[in-house]
Amino acid sequence: MEIAAEATELRSSPPRKPPRKRHRGVLKYPVVRQLLRFTGVGIVCTASSLALYALLRPVIDPQLANAVALIVTSLMNTALNRRLTFKITGKKKRAKDHLSGAIVIGIALVITGGSLGLLHLFKPGATVTEELWTTTLSGFVATAVRFTLLRHWIFRRARHV
């Protein structure tokens, strides 16, 4: 009799993964959640880039100041987006992600540097404030390109998080 009772006794099941969060409204779309996280990272990186540009601009020319600010903050941006926006942790493919991110940095540099070049072509005596406005506005275009490339090329393996 005891054997039958033991046989029918409930056994604990193996531990399960925690249930996935169910998002409601527009947050149920991964791209919306990624855009929100990407925006937060972008705000931090843009503020850092503008501050770095403003610090460097009095001592070096606008193109070099723009390049240094963009490269430094883009490396930070790729690392933060990898971790926060696309939820990729660990060392696997980190170097490849950053190498691909360098290509995206180059594209952003062409967009923002090109806008600075056009500003100085049409207004040779542009002020630092005008340069900041120009790089900020062209930075919005570069940001849209950056998100698209990050999501569909570099971090496509994590598009649905």
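**Exercise 1. Find the side-chain partner of Thr-112 in a polar contact, then place Thr-112 in the fold.**

Step 1. Look for a polar contact, meaning a pair of N or O atoms within 3.5 Å; within protein, one must be able to donate a hydrogen and the other to accept it, and residues adjacent in sequence count only if both atoms are side-chain atoms. The side chain of Thr-112 has such a contact with the side chain of Asn-66, at 3.2 Å.

Before going on: this is a predicted model, where local features need pLDDT of at least 70 and side-chain atom pairs count only at pLDDT 80 or more, while totals for chains, interfaces and linings use all residues. Residues are numbered from 1 along each chain as its sequence is written, and side-chain values use heavy atoms, with hydrogens and water left out.

Step 2. (Helices are DSSP runs of H or I, at least four residues, numbered from the N terminus.)

Step 3. Check the cover. Thr-112 is buried, with a relative accessible area of 4%. (Buried means under 20%, exposed over 50%, partly exposed in between, with a 1.4 Å probe and protein chains only.)

Step 4. List the neighbours, skipping residues up to four places away in sequence: Thr-112 touches Asn-66, Leu-70, Thr-135, Ser-138, Gly-139 and Ala-142. Contact here means heavy atoms within 4.5 Å.

**Exercise 2. Work out what Phe-86 pairs with and where the partners lie.**

Step 1. Search the whole structure, and you get 3 aromatic pairs. Rings of Phe, Tyr and Trp (its six-membered ring) pair if their centres lie within 6.5 Å; planes under 30 degrees apart count as stacked, over 60 as edge-to-face and the rest as tilted.

Step 2. Take Phe-86 with Phe-147: the pair is stacked, 6.4 Å centre to centre with 25 degrees between the planes. Phe-86 is in the loop between α3 (62-85) and α4, and Phe-147 is in helix α5 (residues 128-154), so the pair ties together parts 61 residues apart in sequence. Phe-86 is buried at 0% relative accessible area, and Phe-147 counts as buried at 10%.

Step 3. Now try Phe-86 with Phe-155: this pair is tilted, with 5.1 Å centre to centre and 35 degrees between the planes. Phe-155 belongs to the segment after α5, 69 residues from Phe-86. Phe-155 is buried too, at 0% relative accessibility.

Technical notes. Helix = DSSP H or I, 4+ residues; strand = E, 2+ residues; numbered from the N terminus.
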